[in-house]
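These are my notebook entries on a structure that I looked through residue by residue. I wrote down what I looked up and how each term is defined.

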Amino acid sequence: MKNLFPLFLVAFLGLAHTASAQNIAINTDGSLPDASAMLDISSTGKGFLAPRMTTTQQNAILLPAKGLLIFNITNNIFKVNTGTATSPFWSTLNASDNNWLVTGNAETSSASNFLGTVDNVSLRFISNNTERMVIDSTGNVGIGNTNPNSTLSVTGSQSASLKSVMGSYTFLNTDFVVINTGGAATWTLPAASSCAGRVYRLINHGTLLTMITLSEAVMIESANSSVTLSSARNVNTYEIISDGFLWRKMN
């Protein structure tokens, strides 16, 4: 044991550290540690090198303490355990300029910055601690449900754009339901070729036998089209869709 003492002393002094009460400073200038720190490391030419390991090695740490910090070389990011020793949760420790801020971000690039996941995991949106929407790993979107079975799956009531007009009107790309409550008029639809897949619902609740003249013909059935919409009962509603060439009646 006596033979090891000189070696221990040299190693101890080689750290060029200063101990004060319960905190320690490691530096090259002999400065005292900051009173608020248990360990105060300072240098103008070297950095702090955290333990480096793969995700597998990270997850194999036995009972990792809350606050334990490592550098994950699988993903090249710092990870810190924000869970408990028995139920660890490894959170990413990012630089602030790479985070999405609750006050908004600037100088982003639509080519490289995004909100989402890069693995086979769904993206979930929560408010008041309740899940409201999910984009699952296959691309299906669920609103009001957690397991969408279609491209868009909505559970709950829905609201649509509704506009009442009296007289002639030109349809906008923000319209959906348009109701005539006046007299005869002309409604101008966009060219079907400009909005493939768009749906409008046209309702004529004008005065008796009022006719709405449409700027574009609507295919009612094969080889049968119409450019008018009557206010007569049972024939006063068209729900139409553009197929990219023609407007077609759906209902």
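I began with a side-chain pair: the side chain of Asn-180 makes a polar contact with the side chain of Asn-204, at 3.0 Å. A polar contact here is a pair of N or O atoms within 3.5 Å; within protein, one must be able to donate a hydrogen and the other to accept it, and residues adjacent in sequence count only if both atoms are side-chain atoms. I noted that this is a predicted model, in which local features need pLDDT of at least 70 and side-chain atom pairs count only at pLDDT 80 or more, while totals for chains, interfaces and linings use all residues. Residues are numbered from 1 along each chain as its sequence is written, and side-chain values use heavy atoms, with hydrogens and water left out.

Entry on Asn-180. I found Asn-180 in strand E14, residues 177-180; helices (H or I, at least four residues) and strands (E, at least two) are DSSP runs, numbered from the N terminus. Is Asn-180 buried or exposed? Asn-180 counts as buried because its relative accessibility is 0%, where buried means under 20% relative accessible area, exposed over 50%, and partly exposed in between (1.4 Å probe, protein chains only). The C-alpha atoms of Asn-180 and Ile-212 are separated by 8.3 Å, although the two are 32 residues apart along the chain.

Entry on Thr-210. Thr-210 counts as buried because its relative accessibility is 5%. Its side chain is joined to that of Thr-207 by a polar contact of 2.5 Å. Leaving aside neighbours within four places in sequence, Thr-210 is in contact with several residues, among them Asn-180, Asn-204 and Leu-229.

Entry on Leu-209. In the loop between E16 and E17 I also looked up Leu-209, where phi is near 60°, a positive value in a residue other than glycine. Leu-209 is exposed, because its relative accessible area is 60%.

Entry on E17 and E18. How do E17 and strand E18 (residues 224-230) pair, and over how many bridges? They pair in the antiparallel sense over 6 bridges, and two strands count as paired if DSSP finds at least two bridges between them. Ile-212 stands opposite Leu-229 in E18. The hairpin of these strands has 2 residues between them, and there Ala-223 takes a positive phi near 65°.

Entry on an open sheet. Elsewhere I looked up 4 strands that form an open sheet in the order E4-E5-E6-E7, with mixed pairing. Strand E4 (52-53) and strand E7 (90-93) stand at the edges, each with a single partner strand, so one side of each is left without a neighbour in the sheet. Strand E6 (residues 77-81) pairs with E7 in the antiparallel sense over 4 bridges, and Asn-81 stands opposite Trp-90 in E7.

Methods: Contact = heavy atoms within 4.5 Å.
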